[in-house]
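Subject: Structure handover

Hello,

Here is the structure I said I would pass on. My notes on what turned up in it follow below.

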Amino acid sequence: MSDTVKTLSAGAAQSQSNRRAVATWLLLVAGLVFLMVIVGGATRLTESGLSIVEWKPVTGTLPPLTDEDWHEAFEAYKQIPEYQLEHAWMSLDDFKGIFWWEWGHRLLGRLIGVAFAIPFFWFLIRRRVPQGYKKPLWGLLLLGGLQGAVGWWMVSSGLTERTDVSHYRLATHLGIALAILAGLVWTALNLLADRTRQPAPASANRWAVPFLVLLVAQIVMGAFVAGLNAGFAYNTWPLMGDSLVPPNMWEAALGWLNLAENGIVVQFIHRMIAYMLALVGVLWMVDGFRTGIESMKNRAMLFGIALAFQIVLGILTILHAVPIVLGVAHQGGAAVLLAAALFYAHRGRNIARVA
């Protein structure tokens, strides 16, 4: 073997090693983001999100360490409408219960930032970032920084005039979290893609975009359901009360704002999108099985399982009036379904256009 061939072979091996290393790191960070989605759901359902009324990105890393610190934090919480109108019964011990959820949520956000930034700069300095991936990685870093600011923007909406956060800002916060998750997963899949794999027919992914568009809409409506406490409006299924469409649910005074601010309408829309997702998801799975490609069939099956579990979780969450465990599982299920859909969609792409 000539020196030139050996050099090219060693270079290809190093490039492949770099791609695997960066992809593994991104998937580990994606796992942390998934955990963040779970903790965020629990923070919302335990009504803990407003327990810390200041944003201190550095000094806020430490929780109260003395009795004086705890009383100071509790006194600050007592100044906001949520405590005065809804939680005036709380003792210091009750406050600690909600404080730890929000503190853990913020701490995990900081850890994710560190887990992304330090390896990223190490890969940059060592010149191990594969060609064409610097801009996507910079974009993910900036999006993570934006998410921290949006988190405080969301919390601040509930500190003066409201007893909870704006559901519009809640949807924005959740949406960015899942956008980061999607970016991490998709970039990792690009890095790990096998260019020698059998190409899938163009028809394999014709339902991918419609499904993902519906899923984004469903995630937004899910955040609206959570923010408006619309999950308590009707706790029956498949009907809402005694009918598919609740009577007199449209409030004339709200007009088109019914679509985003009327809890009953929002729950109704959330249900209807779920039915559309189920239909489009089944059609997409069928196309995957029709390709006859084993890896497509396997990914279609994984996607179908994630979709089925999320539908079942949604139904159970409604029927049981949104208990914390099911509510958190349902939010986590949305993240799992998004990742499964991306994993499936990626296999249906023409590998020549990937990375």
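To start with a charge over a ring: Lys78 lies over the face of Phe74, 4.6 Å from the ring centre. Please keep in mind throughout that this is a predicted model. A second case involves Arg299, whose charged end sits over the ring of Phe343 at 3.8 Å from its centre.

Phe74 also belongs to a cluster linked by ring pairs.

Over the whole structure, the search for aromatic pairs returned 26. One of them joins Tyr168 and Phe224 in an edge-to-face arrangement, with 5.5 Å between the centres and 85° between the planes. These two residues are 56 apart in the chain, and the pair connects distant parts of it: Tyr168 is in helix α6 (residues 167-192) and Phe224 is in helix α7 (residues 208-227). Phe224 counts as buried because its relative accessibility is 8%, under the 20% limit.

Next, the core. In soluble globular proteins, nonpolar side chains tend to be buried together. Here the largest nonpolar core contains 67 residues. Trp25, Leu26, Phe116, Leu137, Leu184, Phe211 and Phe303 are the ones with the most contacts inside it. Helices α1 (3-45), α4, α5 (134-156), α6, α7, α9 (263-290), α10 (294-319) and α11 (324-347) each contribute at least two residues to this core. The biggest contribution is from α6, which gives 13 residues.

I also looked at the second largest pocket, which has a volume of about 470 Å³. Its lining is made up of 21 residues, and Glu54, Lys56, Leu62, Pro64 and Ala73 are the ones nearest its centre.

Gly104 is located in helix α4. With a relative accessibility of 24%, Gly104 counts as partly exposed. Between the C-alpha atoms of Gly104 and Ala278 there are 34 Å, and the two residues are 174 apart along the chain.

Regards

Technical notes:
Residues numbered from 1 in each chain as written. Predicted model: local features only at pLDDT ≥ 70, side-chain atom pairs only at ≥ 80, totals over all residues. Heavy atoms only, no water. Phe/Tyr/Trp six-rings, centres within 6.5 Å; stacked < 30°, edge-to-face > 60°. Helix = DSSP H or I, 4+ residues; strand = E, 2+ residues; numbered from the N terminus. Buried < 20%, exposed > 50% of the residue type's maximum accessible area, 1.4 Å probe, protein only. Lys NZ or Arg CZ within 6 Å of the ring centre and 35° of its normal. 1 Å grid on protein atoms, 1.4 Å probe; cavity = no way out; pocket = protein on both sides within 12 Å on 5 of 7 lines; lining within 4 Å. Points joined across faces, edges and corners; volume = space filled by probe spheres on them. Core = buried A, V, L, I, M, F, W, Y, C linked by side-chain atoms within 4.5 Å.
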